[in-house]
Amino acid sequence: MIWQCKPTLLAISVMLLSGCASDLNSSQRMQAPNNMPQQWQQEASSSALKVQEQWLTQLQNPTLNKFVQQALKNNQQLLQTSYDVEIQKQQLIVSGAALWPSLDLSTRTSRSKDNRPVSYDNASSVSLNLTYEVDLWGKLSDAKREANLNYLAQQARFEQAKQQLVADVVTGWFDVVTAQQLLDLFKRREANAQQNLDIIESGYRQGINEALDVYLARNELNNERSRIATQTASLSASARVLERLLGEYPKGAITASSDLPVINTDIPLGLPSELITRKPTLRASWYELLAADASLAYAHKQRFPSLDLTASLSDSTDRVSDLFSPSSLAWSLLGSISAPLFEGGRLKANEEIARLNTQKQEQLYLQTLYDAFGDVENAISQQQSLKAQYTSTLEAQENALAAEQLSFEQYQSGLVTYTTVLDAQDRSFDAQSSLIDIKNQLIANRINLHIALGGDFAKPSSELKSNNDEN
């Protein structure tokens, strides 16, 4: 009776499997959104050129290169991500093992005593068992495919983590340089305020200046010393951030004596469509979507019959030396088919969970894609804004420095009050500190733009390819 029902059961299963495969193929054919622009909204003349790789070499800073290598070797968070890759690799081996037969060897030796009459019995047995589940519907292949895609996704996440770490190290280094330059500026301001106070106190003793001017000059000197104390703490904090990125103890001992380079040239932006395959984050999200798709196929095929083959070779004797004697060996070969008939809706619910998770992952991929586009657009806009700010602030600094010098000269000549001098000094200080900050922002934004575009800091990363021929 069972064999008579088997053809009908197989036919129904094939029909169900075909319907599932149709849904899966339609999901795999998902492409980039139709409303994706051909050019970036903030279009530049170099937008169609290939995105630059090895952007770190453009900085030409040996110290920075040394810090990057140290961070890639010692950063604890990156090392954790690398272990995740290895764990996922082992998980791939585990999933692939289900496609192979399982061979087990078991042995047993016992000795017993009977007192009526006294006798001893020895027994030894050995068995070799081979089990194999036939991948009749491709269920086990789907499980391996899911593990393979998760492994590729983890590799892509590790690649993105490396690029982000390098960007953070470079940004952290220039934050230290910026903090050091601001500290040097405050110290120059302190020396200038001390010089002004000495001149004003000398004039006060000669009856030329008023006591109010002396108080104002002393107040300005104290303000500069307060700024120095605050900036010293800020420099130590920036150094600690960089030291943690390098995997070191945060002792705040890193110092920087280099200058902030002015990088105001345009970089190739590439095309929006190229970002999908170039940026590791997007590749990881796409692989995760395909893995969810494979999980849905596996959950669906769990409802189909399974075919298991079992073979065993055994022997039992009272002496160990007689085991595996050709005359006493026993063997068996068994094939079994099992099919779920009633599970209380468990398998159906698991399939629906996998289907909903696939749809969720598809929306997550689209969100990641649009966020990546937004990061590029924002970085381009910010770059244009910072260039304009730098040009204006540079001119403002030149004018403010000239006004500061002229106001003090006029004060000594009795043409203006000391409050005018203080106002000119404040404007000069704001212009100089703003210029330092803008130069740092230009560098940080340029690095962020490289990361947003998927440009690699070193050699171009090879495209991660799946071991599954279907991908």
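A salt bridge is a side-chain nitrogen of Lys or Arg within 4 Å of a carboxyl oxygen of Asp or Glu, and the structure holds 17 of them. This is a predicted model, in which local features need pLDDT of at least 70 and side-chain atom pairs count only at pLDDT 80 or more, while totals for chains, interfaces and linings use all residues. Residues are numbered from 1 along each chain as its sequence is written, and side-chain values use heavy atoms, with hydrogens and water left out.

**Confidence**

The mean pLDDT (the predictor's confidence in each residue, from 0 to 100) of the protein chain is 83, and 86% of its residues reach 70 or more.

**Salt bridges**

| Pair | Closest N to O distance |
|---|---|
| Arg-189 and Glu-220 | 3.8 Å |
| Arg-355 and Glu-351 | 3.2 Å |

Arg-189 lies in helix α4 and Glu-220 in helix α5, so this pair ties together parts that are 31 residues apart in sequence. Arg-189 and Glu-220 are both buried, where buried means under 20% relative accessible area, exposed over 50%, and partly exposed in between (1.4 Å probe, protein chains only). Arg-355 and Glu-351, by contrast, both lie in helix α8 (residues 346-412), four residues apart, about one turn of the helix. Within that pair, Arg-355 is partly exposed, with a relative accessible area of 26%, whereas Glu-351 is buried, at 6%. Salt bridges that share partners join Arg-189, Glu-220, Glu-224, Arg-227 and Glu-404 into one network.

**Nonpolar core**

A nonpolar core is a set of buried Ala, Val, Leu, Ile, Met, Phe, Trp, Tyr and Cys residues joined through side-chain atoms within 4.5 Å. The largest has 38 residues, and those with the most contacts inside it are Leu-56, Val-169, Val-170 and Trp-173. Its largest share, 14 residues, comes from α4. Leaving aside neighbours within four places in sequence, Val-169 is in contact (heavy atoms within 4.5 Å) with residues including Leu-64, Phe-67 and Leu-242. Helix α4 also holds Gln-180, which counts as buried at 15% relative accessibility and touches Leu-235 and Ala-256, not counting residues up to four places away in sequence.

Methods:
Helices (H or I, at least four residues) and strands (E, at least two) are DSSP runs, numbered from the N terminus.
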